[in-house]
Amino acid sequence: MEFAVEVEILARVRHKNLLSLRGYCAEGQERLIVYDYMPNLSLLSHLHGQHSAECLLDWNRRMNIAIGSAEGIAYLHHHATPHIIHRDIKASNVLLDADFQAQVADFGFAKLIPDGATHVTTRVKGTLGYLAPEYAMLGKASESCDVYSFGILLLELASGKKPIEKLSPAVKRTVTDWALPLVCESKFSELADPRLNGEYVEEELNRVFRVALICAHSRPEKRPNMLEVLELLKGESKEKLSELENDEMFKSPQPMDYNDGTSQAEDSSEFISEEKDSKRELEEIEPEKAQGS
Ligand SMILES: Nc1ncnc2c1ncn2[C@@H]1O[C@H](COP(=O)(O)OP(=O)(O)OP(=O)(O)O)[C@@H](O)[C@H]1O
Ligand SMILES: [Mg+2]
């Protein structure tokens, strides 16, 4: 099923920041999808994996990756017809080409959003640490769930931290809970990935963290859409930037809008693919049936 979804979605999308389909094979039991090989692998490999010691991601590259991946997701949400939600935005699904340009990959969990629908209620799929609370708890999937995951991705990109950090075997802390008090106090040198060696544009770093935290807001109505995210990241609207700067969430140094569920947090590498209450699926706006999933 994931294979069919991925091929169908890939056939619909063409954008410089989305990894496109080269070809596929579905013969007998064989299932194969062919993509271009991305020589710089994934963002994950640079932040936490095999390339992490090499420090190839300077600030300029990180800004380009943030904007490029936002453009890819904005295309899915606002320009593809019907609109598409990705549902698995995370560091291992942002690949990097030879020029370190972002290519968003892995559309196996993507959903098409019919015209006029605000969300679809569906089985929860995705990766812990990146899941919007209303999606993880109620199975409500909408564009704003991708915005939430993108916020976590931005925090990871700028800080070099994982979405959920193990402080001790029993205590875990989310990157949002870690970042919010530091952003409130403008502690940029503590926020920036130490591998940047202090080489970053402070104004951009400040912007990235604030955009990231508003994207990862626990209340979906507070999150911007991806077009607004792009505007903010590029610093195109002074008015929106100052609104963001003065948002109430940055007034208090306490992470009041976030769950303090650090100790309940699961390992971010864990993968969810569970069925929610089947009754809940009946509440949905019927698009699932149309897709036969
Ligand atoms: N087209 C590609 N070019 C180069 N490396 C790739 C490509 N596609 C995937 N990879 C690498 O393979 C790794 C594994 O990708 P894969 O999508 O199978 O798993 P994942 O992203 O870790 O988890 P998930 O199955 O949830 O997406 C990625 O982190 C990336 O480094
Ligand atoms: Mg992947």
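Q: Which residues of α8 meet α9 in this predicted model?
A: On the α8 side they are R207, V208, V211 and C215, and they meet V229, L232 and L233 of α9.

Q: And what's that contact like by class?
A: It has six nonpolar residues, no polar ones and one charged.

Q: How do the α8 and α9 axes sit?
A: Helix α8 spans residues 202-215 and helix α9 residues 226-234; their axes come within 9 Å and cross at roughly 160 degrees. Angles over 145 count as roughly antiparallel, so that is what α8 is to α9.

Q: Left-handed or right-handed crossing?
A: The crossing of α8 and α9 is right-handed.

Q: OK, what about α6 against α8?
A: Helix α6, residues 175-184, packs on α8 at about 130 degrees, with the axes 10 Å apart. That angle makes α6 oblique to α8.

Q: Which residues make the contact there?
A: T176, A179, L180 and V183 come from α6, while α8 brings F209, R210 and L213.

Q: Switching topic: what surrounds ligand 1?
A: There are 14 residues around ligand 1, and the closest are Y35, M38, L41, S42 and S92. The shell divides into seven nonpolar, five polar and two charged residues.

Q: What pLDDT does the chain average?
A: The average is 85, and 86% of the residues score at least 70. Over residues 255-293, though, the pLDDT is below 50, and that stretch has 61 contacts in the model beyond near neighbours in sequence.

Q: How should low-pLDDT coordinates be read?
A: Not in detail, where pLDDT is low.

Conventions. Residues are numbered from 1 along each chain as its sequence is written. Chains are lettered from A and ligands numbered from 1 in the order in which they are written. This is a predicted model: local features need pLDDT of at least 70, side-chain atom pairs count only at pLDDT 80 or more; totals for chains, interfaces and linings use all residues. pLDDT is the predictor's confidence in each residue, from 0 to 100. Two residues are in contact if their C-beta atoms, placed from the backbone, lie within 7 Å. Axes are lines fitted to C-alpha atoms, for helices over the stretch in contact, and angles run from 0 to 180 degrees between N-to-C directions. Helices (H or I, at least four residues) and strands (E, at least two) are DSSP runs, numbered from the N terminus. Angles under 35 degrees count as roughly parallel, over 145 as roughly antiparallel, 65 to 115 as roughly perpendicular and the rest as oblique. A crossing is left-handed if the near helix is turned anticlockwise from the far one by less than a right angle, and right-handed if clockwise. Ala, Val, Leu, Ile, Met, Phe, Trp, Tyr, Cys and Pro count as nonpolar, Asp, Glu, Lys and Arg as charged, and the others, Gly among them, as polar. A residue is near a molecule or strand if its C-beta atom, placed from the backbone, lies within 6 Å of it.
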